[in-house]
Amino acid sequence: MFTLRSVLLNWDLNRVTRAAVSGAAVFLAIRVTDGFLMGLGVAVVLAVVLDVPWWLYDRSAQSDE
């Protein structure tokens, strides 16, 4: 239980943005689609589309170091 607690409390900025993007993608997919499989597909696509700008920023920030 101690390991799980430390993993849940040690969130960096990258993990927070991934969780926020995933939550936004699922919320938008539920609002836009009707079926489960269609909603799942849209959630995956939205998560990828919303995560690409953060990934590009993080990659460019690491290349500057």
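**Confidence by element**

I looked up confidence in this predicted model, and found that, among the elements of the chain, helix 1 (residues 2-9) has the lowest mean pLDDT, 59, while helix 3 has the highest, 83. I note that pLDDT is the predictor's confidence in each residue, from 0 to 100, and that helices (H or I, at least four residues) and strands (E, at least two) are DSSP runs numbered from the N terminus. Where pLDDT is low, the predicted coordinates should not be read in detail.

I keep in mind that residues are numbered from 1 along each chain as its sequence is written, and that side-chain values use heavy atoms, with hydrogens and water left out. Local features need pLDDT of at least 70 and side-chain atom pairs count only at pLDDT 80 or more, whereas totals for chains, interfaces and linings use all residues.

**Fold and surface**

I counted three helices and zero strands, in the pattern α-α-α along the sequence. Of the 65 residues, 12% count as buried (under 20% relative accessible area, with exposed over 50% and partly exposed in between, using a 1.4 Å probe and protein chains only). The chain exposes about 5400 Å², of which carbon and sulfur atoms supply 69%; such areas come from the Shrake-Rupley method with a 1.4 Å probe, and for residues only the protein chains shown count as cover.

**The salt bridge**

I found one salt bridge in the structure (a side-chain nitrogen of Lys or Arg within 4 Å of a carboxyl oxygen of Asp or Glu). It joins the side chains of Asp51 and Arg18 at 3.0 Å, N to O, and links distant parts of the chain, with Asp51 in helix 3 and Arg18 in helix 2 (residues 13-32), 33 residues apart. Asp51 counts as buried because its relative accessibility is 14%, whereas Arg18, at 38%, counts as partly exposed.

I then looked at a nonpolar surface patch with about 820 Å² of accessible area together, whose members include Phe36, Val44 and Trp55. Patches take residues with over 30% relative accessible area and no salt bridge, joining like charges within 9 Å and nonpolar side chains (Val, Leu, Ile, Met, Phe, Trp, Tyr) within 5 Å. Trp55 lies in helix 3 (residues 36-64) and, at 40% relative accessibility, counts as partly exposed.

I also found one aromatic pair: Trp54 and Tyr57 are tilted, 5.5 Å centre to centre with 40° between the planes.

Technical notes: Rings of Phe, Tyr and Trp (its six-membered ring) pair if their centres lie within 6.5 Å; planes under 30 degrees apart count as stacked, over 60 as edge-to-face and the rest as tilted.
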